[in-house]
Amino acid sequence: MNDLKILKQGAEAKLYICKYLGKSTLIKERFQKRYRHPDLDKSITKERIRNEARSIVRCKTADVKTPALYLVDFQRRRIYMQHFEHSITVKDYIIQHATKNAEITQNLDEICKMIGITVRKLHENNIIHGDLTTSNMLLVPKNLNNETTEEKCLEKERFDLVMIDFGLSFIDSSTEDKGVDLYVLERALISTHNDYPDLFSKILDAYKNHSKNNIKEILSKFEEVRARGRKRTMVG
Amino acid sequence: MSPEPYICDLDEDTNTTLNIYLFKNVENVEDIRNYIIKGEWNCAVIKPSLIIDPFQIAVAANKAVVSEKHNSMVTKTVYAEILYNLSLTKNISQSLSKFGIEKENNLLVCFLITPDKDYSQDILPKIQGQLCSMSELTSLTNMNDVKSVYKLNSSKGDDLLDVIVSRIVTKGFVSH
Ligand SMILES: Nc1ncnc2c1ncn2[C@@H]1O[C@H](COP(=O)(O)OP(=O)(O)O)[C@@H](O)[C@H]1O
Ligand SMILES: [Mg+2]
């Protein structure tokens, strides 16, 4: 294929960008794992692709923004999706832009709030993300035009939070899985953004405030999972 | 000068281009229907009332040509496959009747063009109607019908097309 630019090569997938059906498109191609039996590898890959595509569409009914899907191709092990050209991951935003001035702090508060609300919406719809990290969240400027640069948009809080990377996601109504999802996020924040220790508590506040439904049970499961995790880190 | 069709290059591996023409006030709808049912015309004819943007058809047509290449079509012809893909139901005849034409005299005519096959110039002159610019499509879309076939109760306007195409490409394994 011509005009296929490689964007990133991860542990599971290669990402390409190209024009497809006239749109800027990101192709996520899951490659074969040599250490797995080919049949098993094929079925695992198919499952991941199916989970990812299914959750991406479910999110749209849950009022959580995700890329539009243009093609799901099990034969070529690919998902073709909308590429947000002017996006930045929450991770990169925090690392690149977050110097300690007041305006940025205010922005970060806003981002934390959006993350909390978004994760809560996922859970209210029984979508467990499975890999909640700040690299799997994109900030996308709204109504980008020539005058407003990406940074301006971010400063003025005119951006959407778009969730991506649903390969490990699944549908489950149990409070345990929601607790684990939150715990994964907390761990990710601690390891990636240890210079901002209060991000998670701000996210959790927004998560709690968005809806009261089952919140006690989810939080107590979360505490339980966290305690188990602590014990494990103390031993190991 | 006659209005230009909507043109979209489909998946590169299929070497296919989609051309879509919009006709209004067509007088020989009955004949057209018969040619299609008998399989004499190689094209898909679609109700404009259920289409909000030609990109919706491009996504369905692209999935059809990719399935044809992979030998994984659900219907017998790639043109029927486009109509089947557009609809969310797995019932083939329901899909064809929902998105195909009945009595309405406005229609979208879609051709899949490859380097060695282009029937559009044989078929187009046989359509007795007014060829229009694709920009007139919006005035023919029936939003309530669209919302009902794609089960969109809550989704907001600007994301509608995104939701529709995402549902089209996942219909095989997600129940909507
Ligand atoms: N739809 C998209 N638009 C813009 N950038 C994207 C998109 N999807 C992924 N990316 C970028 O590619 C990175 C990796 O994508 P992801 O789906 O998380 O794959 P991986 O499984 O390799 O983590 C993301 O962190 C983000 O920077
Ligand atoms: Mg990722």
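Reader: What volume does the largest cavity have?

Author: In this predicted model, the volume of the largest cavity is about 40 Å³. The count of cavities of 30 Å³ or more comes to 1.

Reader: What makes A:Glu12 and A:Arg30 lining residues of the largest cavity?

Author: A lining residue must have an atom within 4 Å of a grid point of the cavity. A:Glu12 and A:Arg30 line the largest cavity, as do A:Phe31, A:Lys33, A:Arg36, A:Ile44, A:Thr45 and A:Arg48, so each of these residues meets that cut-off. Helix H1 (residues 38-61) of chain A gives the largest share of this lining, 3 residues. By class, the lining divides into 5 charged, 2 nonpolar and 1 polar.

Reader: How do you know that A:Lys28 makes a polar contact with ligand 1?

Author: The cut-off for a pair of N or O atoms is 3.5 Å. A polar side-chain atom of A:Lys28 lies 2.8 Å from an oxygen atom of ligand 1, and therefore the pair qualifies as a polar contact. For A:Lys8, a polar side-chain atom lies 3.4 Å from a ligand 1 oxygen, so this pair also falls within the cut-off. A:Ser135 uses a backbone N or O atom, 2.8 Å from an oxygen atom of ligand 1.

Reader: How much of the accessible area of ligand 1 does the protein cover?

Author: On its own, ligand 1 has 550 Å² of accessible area, of which the protein covers 86%.

Reader: Which elements give two or more residues to the shell around ligand 1?

Author: They are strand E3 (23-30) and strand E5 (78-82) of chain A. The shell residues divide into 7 nonpolar, 6 polar and 3 charged.

How values were computed. Residues are numbered from 1 along each chain as its sequence is written. Chains are lettered from A and ligands numbered from 1 in the order in which they are written. This is a predicted model: local features need pLDDT of at least 70, side-chain atom pairs count only at pLDDT 80 or more; totals for chains, interfaces and linings use all residues. Side-chain values use heavy atoms; hydrogens and water are left out. A polar contact is a pair of N or O atoms within 3.5 Å; within protein, one must be able to donate a hydrogen and the other to accept it, and residues adjacent in sequence count only if both atoms are side-chain atoms. Accessible areas come from the Shrake-Rupley method with a 1.4 Å probe; for residues, only the protein chains shown count as cover. Helices (H or I, at least four residues) and strands (E, at least two) are DSSP runs, numbered from the N terminus. Ala, Val, Leu, Ile, Met, Phe, Trp, Tyr, Cys and Pro count as nonpolar, Asp, Glu, Lys and Arg as charged, and the others, Gly among them, as polar. On a 1 Å grid over the protein atoms alone, a cavity is a set of points where a 1.4 Å probe fits but cannot get out, and a pocket is an open set with protein on both sides within 12 Å along at least five of seven lines; lining residues have an atom within 4 Å of a point. Grid points are joined across faces, edges and corners, and a volume is the space filled by probe spheres set on the points.
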